[in-house]
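Q: Could you show me how to read pockets, helix packing and strand pairing in a model?

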Amino acid sequence: MHLRNHLELFPEFVVTQLLFRDVQNCAELRKMAMEGKIAGALINPSVVLDPFQTLLAANKAVHVQKIGKMKTRSLYSEIIFNLSPTNNISEAFKRFGISDSDNAVLIVLVHNKEEAYNEDDVLSKVDGQQIPADQMSTLSDLAKIKKLYKVAPQEEKCGNVLDAVICRMAAKDVV
């Protein structure tokens, strides 16, 4: 049901992705996240095309945390920020974080592989149906993603939308 990946550059860290649909308590989850009661990034899955996208954001967040260059206050807010094609933090939260009216949520957790990790703690807080995280594209809004990342039709002729999204995420600090 979940996806678990070890970060190649940071082998001591594991990224776990949990995907839920028919969520009834997004407002409550959002409040808990803002209060620090949920140790995870709560992401709107309609703007995520593939689990690789969030894995890239998590890897980048761990990297900037290690070198002391985070632009946000926590690792999990840094993950949400890294999904955005722009450097506007508040815009990233509006577009990629969950809102009170959402009915689906992607939870991204980063934990040390040596530490005990209680997944049931997070699962017990979500009032919704967990689905396999690799089915993320079933909840994605392709038109919304293309608009957010400004994917041109010409780009789709020589590659795919995921390639365009990943390029924008990876290059936003350089451009």
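A: On a 1 Å grid over the protein atoms alone, a pocket is an open set of points with protein on both sides within 12 Å along at least five of seven lines, and its lining residues have an atom within 4 Å of a point. A volume is the space filled by probe spheres set on the points, which are joined across faces, edges and corners. With that in hand, the second largest pocket here has a volume of about 190 Å³. It is lined by 15 residues, and Ala39, Tyr76, Val110, His111 and Tyr117 are the closest to its centre. One caution: this is a predicted model, where local features need pLDDT of at least 70, side-chain atom pairs count only at pLDDT 80 or more, and totals for chains, interfaces and linings use all residues. Residues are numbered from 1 along each chain as its sequence is written, and side-chain values use heavy atoms, with hydrogens and water left out.

Q: Which element gives the largest share of the lining of the second largest pocket?

A: Elements are DSSP runs numbered from the N terminus: helices (H or I, at least four residues) and strands (E, at least two). Here β4 gives the largest share, four residues.

Q: How do the residues of that lining divide into nonpolar, polar and charged?

A: Ala, Val, Leu, Ile, Met, Phe, Trp, Tyr, Cys and Pro count as nonpolar, Asp, Glu, Lys and Arg as charged, and the others, Gly among them, as polar. This lining has eight nonpolar, three polar and four charged residues.

Q: What volume does the largest pocket have?

A: About 530 Å³. Among its 19 lining residues, Ala33, Met34, Ser77, Ile80 and Phe93 lie closest to the centre. Two or more lining residues come from each of α1 (26-34), β3 (41-43) and α3 (75-83).

Q: At what angle do α3 and α4 pack?

A: Axes are lines fitted to C-alpha atoms, for helices over the stretch in contact, and angles run from 0 to 180 degrees between N-to-C directions. Angles under 35 degrees count as roughly parallel, over 145 as roughly antiparallel, 65 to 115 as roughly perpendicular and the rest as oblique. For α3 and α4 (residues 89-96), the angle is about 85 degrees, with axes 8 Å apart. The two helices are therefore roughly perpendicular. Contact means heavy atoms within 4.5 Å, and Ser77, Ile80, Phe81 and Leu83 of α3 meet Ile89, Ala92, Phe93 and Phe96 of α4.

Q: Are α2 and α8 roughly parallel or perpendicular to each other?

A: Their axes cross at roughly 10 degrees and come within 10 Å, so α2 and α8 are roughly parallel.

Q: In what sense do β1 and β2 pair?

A: Two strands pair if DSSP finds at least two bridges between them. β1 (residues 3-6) and β2 (residues 13-21) have four bridges, in the antiparallel sense. A hairpin of six residues joins β1 to β2, and Arg4 stands opposite Thr16 in β2.

How values were computed:
On a 1 Å grid over the protein atoms alone, a cavity is a set of points where a 1.4 Å probe fits but cannot get out, and a pocket is an open set with protein on both sides within 12 Å along at least five of seven lines; lining residues have an atom within 4 Å of a point.
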